[in-house]
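Here is a short report for a first look at this structure. Please view the model alongside the text.

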Amino acid sequence: MIDTSKPVSKTRQMSGRRVIKSSVKEITNENVVTVLQKALNDHALNRSEIDYLWKYYKGEQPIQNRTKEVRPEICNRIVENRANEIVSFKVGYLCGEPIQYIGRSTEESVTSGITALNELMFAEDKATQDQEIVEWQMICGTAFRLVLPDESDDEDESPFEMYTLDPRDTFVVYSNEIGNKPLMAVKYSKDEDEVTHYSVYTENYYWLIDGDIINREESKAHALDMIPIFEYPANNARLGSFEIVLPLLDAINNTESNRMDGVEQFIQAFWKFIGCHIEKEKFKEFLAEGAILVPPNDNGGNIDVDLVVKELNQGQTQTLKDDLYNAVLTICGMPNRNGGSSTSDTGAAVLLRDGWSLAEARAKDSEHMFKKAEKKMLKLVLRICRDLSDINLRLKDIELQFTRRNYENIQSKSQVLVAMLQQSKIHPLLAFQHSGLFVDPERAYTMSMEYYEEQQEKLAQQQMAAQNNPNNPKNPDSSDEDE
């Protein structure tokens, strides 16, 4: 069947978000407005693309603007929202379980400090905020987090506050110098009078800019020695998870919409009349009766009344759609869900065949990018904790642990742990670390050793009590009843 619909709105071509840079050495009162205005030009492009990807993720996709010139009454606009599927899988697979901090040493002070830090993060509901961060990463390629100390009159369980910021209204300006050190971070919003208010942070100063005028009363120095807004890029190109397959996703929507058009056009096929003439009103009457009576042809020619039917080949259409979908899964690094097929593969072979190993590799790549940004954020959090609480940790004491797929192949991991513990030349802590059985191997090792020592102490006490029991035949002080 020939597709007579007009082309769907052209797929928007995007290649990741732009890194906003400046050549100034330092942000001051004299140049902050100028640097801000220049940065807003690049951010405007990023904002437009982020908003497009956000709406695409929610289901506002180009297929909804589809039109047809021939039989415009049959024009399906079906959104098969695979973009939402991709993002949901990536977020759930990467941080479906809370991300935890674990200690890099077994010192008592470090262990207690890590436990206290995890409790503070729980109080701030960091697990939910991490999911929001990863969701923005997978949608538009970047995300932002704001960390500030508690106000003097707003102290709670945690000495700091954390916020996930909308990347459409947030950006960071980096230096052109080696290392691309961040110069300033900006968060802005509009009031009811359509005046834009910019909150600009540098390492030691905060500006509030109303439009293009600095608010001197609200602008002030701060003592954080860091920019409190941190960018979490998903990758170096700041590409969203489905951004690179937008043309394929639009093609899937177009294929499915045309498919439904074909079904409706088959059901609502045209009537053809050969060798006869039927009046319009008579035709409607025939349709109402469910049959058509055609008068004989005076000229003696052939008479035929039939439906103009050409059915869409559903098998070929499904093959095309499957090919598009498999290409999307492969490019995005997602499992292909072929588990329903009957094969002799087991264990790791299934993971390789169905694409789970590729999904794991992509997740590990995302982990490294997340950890890089998280370490910068932790520097500020630890500084606030040292100043406002009794937690005295350094960045070198902390390791970020993703708990994804911790219970996969648990039997094999248990066997590895037992085998390593039975070797006298292997330190038990190494067995806990390299078996992969525990989320926090140092904590598990410490708890296990404490439990082992408690059991040994109980056993020693039982043995001592047995030896001191006068009824124990092995006790030298016990007397023989026969004597």
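At what angle do helix α3 and helix α9 pack, and how far apart are their axes? The model is predicted. In it, the angle between α3 (residues 108–123) and α9 (residues 356–388) is about 105°. Their axes lie 12 Å apart. Angles from 65 to 115 degrees count as roughly perpendicular, so α3 and α9 are roughly perpendicular to each other.

Which residues make the contact? From α3 come Leu117, Leu120 and Met121. They meet Leu378, Val381, Leu382 and Cys385 of α9. By class, this contact of α3 with α9 has seven nonpolar residues.

## The cavity

The largest cavity holds about 110 Å³ of space.

Its lining is made of 16 residues. Closest to the centre of the largest cavity are Arg18, Asn46, Phe144, Phe171 and Glu231.

## What lines it

Which elements give two or more residues to the lining of the largest cavity? They are α1 (32–58) and β5 (170–175). The largest share comes from β5, with four residues.

How values were computed
Residues are numbered from 1 along each chain as its sequence is written. This is a predicted model: local features need pLDDT of at least 70, side-chain atom pairs count only at pLDDT 80 or more; totals for chains, interfaces and linings use all residues. Side-chain values use heavy atoms; hydrogens and water are left out. Axes are lines fitted to C-alpha atoms, for helices over the stretch in contact, and angles run from 0 to 180 degrees between N-to-C directions. Angles under 35 degrees count as roughly parallel, over 145 as roughly antiparallel, 65 to 115 as roughly perpendicular and the rest as oblique. Contact means heavy atoms within 4.5 Å. Ala, Val, Leu, Ile, Met, Phe, Trp, Tyr, Cys and Pro count as nonpolar, Asp, Glu, Lys and Arg as charged, and the others, Gly among them, as polar. On a 1 Å grid over the protein atoms alone, a cavity is a set of points where a 1.4 Å probe fits but cannot get out, and a pocket is an open set with protein on both sides within 12 Å along at least five of seven lines; lining residues have an atom within 4 Å of a point. Grid points are joined across faces, edges and corners, and a volume is the space filled by probe spheres set on the points.
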